[in-house]
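This briefing goes through one protein chain by topic. The sequence and the model are shown first, and the points follow below.

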Amino acid sequence: MYAIIETGGKQYRVAEGDMLTIEKIEAAEGQTVEFDRVLTVVKDGEVVIGKPLVTDAKVTAQVVSHGKGKKILVFKYKAKSNYRRRQGHRQPFTKVRIEKIFA
């Protein structure tokens with residue numbers, strides 16, 4: 001059994017027990033969060049596709065940790081005008097463990 005959920009503007013295929021790195025959410029470590037934007041549920045070969053969401057379906061997960069991703073460099077440059085700007089960015093994330101899919 002698996003589901004496709006939407007969180008942080010992205011879609012993820014999840015199954016029970018999966019570890020997932022998503023965009024940062026405001027929840028403490030160890031807290032249980034609920035994703036109610038379920039797009040598709042597949043259970044025993046039966047596919048339920050939402051229009052746009054599956055009604056009465058939700059996915060619960062436990063927050064494992066918070067962190068920051070690998071640093072990327074943002075570099076702006078304009079030729080022949082001595083304009084250069086360098087900036088680093090580390091995207092914050094939340095790591096969650098999928099506990100249960102209710103469908």
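K58 is partly exposed, with 31% relative accessible area. The model is a predicted one. K58 meets E34 in a salt bridge between their side chains, at 3.4 Å from N to O. In this pair E34 belongs to strand β4 (residues 32-35) and K58 to strand β7 (residues 58-68), so distant parts of the chain, 24 residues apart, are linked. E34 is likewise partly exposed, at a relative accessible area of 48%.

**Overall build**

- The chain holds 10 strands and 0 helices.
- Read from the N terminus, the order of elements is β-β-β-β-β-β-β-β-β-β.
- The radius of gyration of the chain is 18 Å, whereas a compact globule of 103 residues would have one near 13 Å.
- The C-alpha trace spans about 60 × 30 × 20 Å along its principal axes.
- Of the 103 residues in the chain, 27% are buried.

**Other salt bridges**

- The count of salt bridges comes to 4.
- One of them joins E23 and K10, whose closest N and O atoms are 3.0 Å apart.
- E23 sits in strand β3 (residues 19-23) and K10 in strand β2 (residues 10-15), so this pair ties together parts that lie 13 residues apart in sequence.
- E23 counts as partly exposed at 25% relative accessibility, and K10 is also partly exposed, with a relative accessible area of 37%.
- Another salt bridge is formed by the side chains of E16 and K100, at 3.9 Å from N to O.
- E16 is in the loop between β2 and β3 while K100 is in strand β10, so the pair ties together parts that are 84 residues apart in sequence.
- Both partners are partly exposed: E16 has 39% relative accessibility, and K100 has 37%.

**Positive surface patch**

- A patch of positive charge on the surface is made up of K24, K68, K71, R86 and R90.
- Where in the chain is R90 found? R90 lies in the loop between β9 (83-89) and β10 (92-102).
- R90 has a relative accessible area of 41%, which makes it partly exposed.
- A patch residue must have over 30% relative accessible area and no salt bridge, and the 41% of R90 is therefore above that area cut-off.

- Is A57 buried or exposed? A57 is buried, because its relative accessible area is 7% and the cut-off for buried is under 20%.
- The C-alpha atoms of A57 and V41 are separated by 8.3 Å, and the two residues are 16 residues apart along the chain.
- The peptide bond that joins K51 and P52 is cis, with omega at about 0°.

- D44 is a residue other than glycine, yet its phi is positive, near 55°.
- D44 is placed in the loop between β5 (38-43) and β6.
- With a relative accessible area of 76%, D44 is exposed.
- K80, also not a glycine, has a positive phi of about 65°.
- K80 is found in the loop between β8 (72-78) and β9.
- The relative accessible area of K80 is 86%, so K80 is exposed.

**Points to look up in the model**

- For the salt bridges, view E23 with K10, E16 with K100 and E34 with K58.
- For the backbone, view the cis bond between K51 and P52, then the positive phi of D44 and of K80.
- For the surface charge, view the patch that includes K24, K68 and R90.

Conventions. Residues are numbered from 1 along each chain as its sequence is written. This is a predicted model: local features need pLDDT of at least 70, side-chain atom pairs count only at pLDDT 80 or more; totals for chains, interfaces and linings use all residues. Side-chain values use heavy atoms; hydrogens and water are left out. Patches are made of residues with over 30% relative accessible area and no salt bridge: like charges are joined within 9 Å, nonpolar side chains (Val, Leu, Ile, Met, Phe, Trp, Tyr) within 5 Å. Accessible areas come from the Shrake-Rupley method with a 1.4 Å probe; for residues, only the protein chains shown count as cover. Lys and Arg count as positive and Asp and Glu as negative; His and the chain ends are not counted. The place of a charge is taken as NZ of Lys, CZ of Arg, CG of Asp or CD of Glu. Helices (H or I, at least four residues) and strands (E, at least two) are DSSP runs, numbered from the N terminus. Buried means under 20% relative accessible area, exposed over 50%, partly exposed in between (1.4 Å probe, protein chains only). The radius of gyration is taken over C-alpha atoms; the globule rule is 2.2 Å times the number of residues to the power 0.38.
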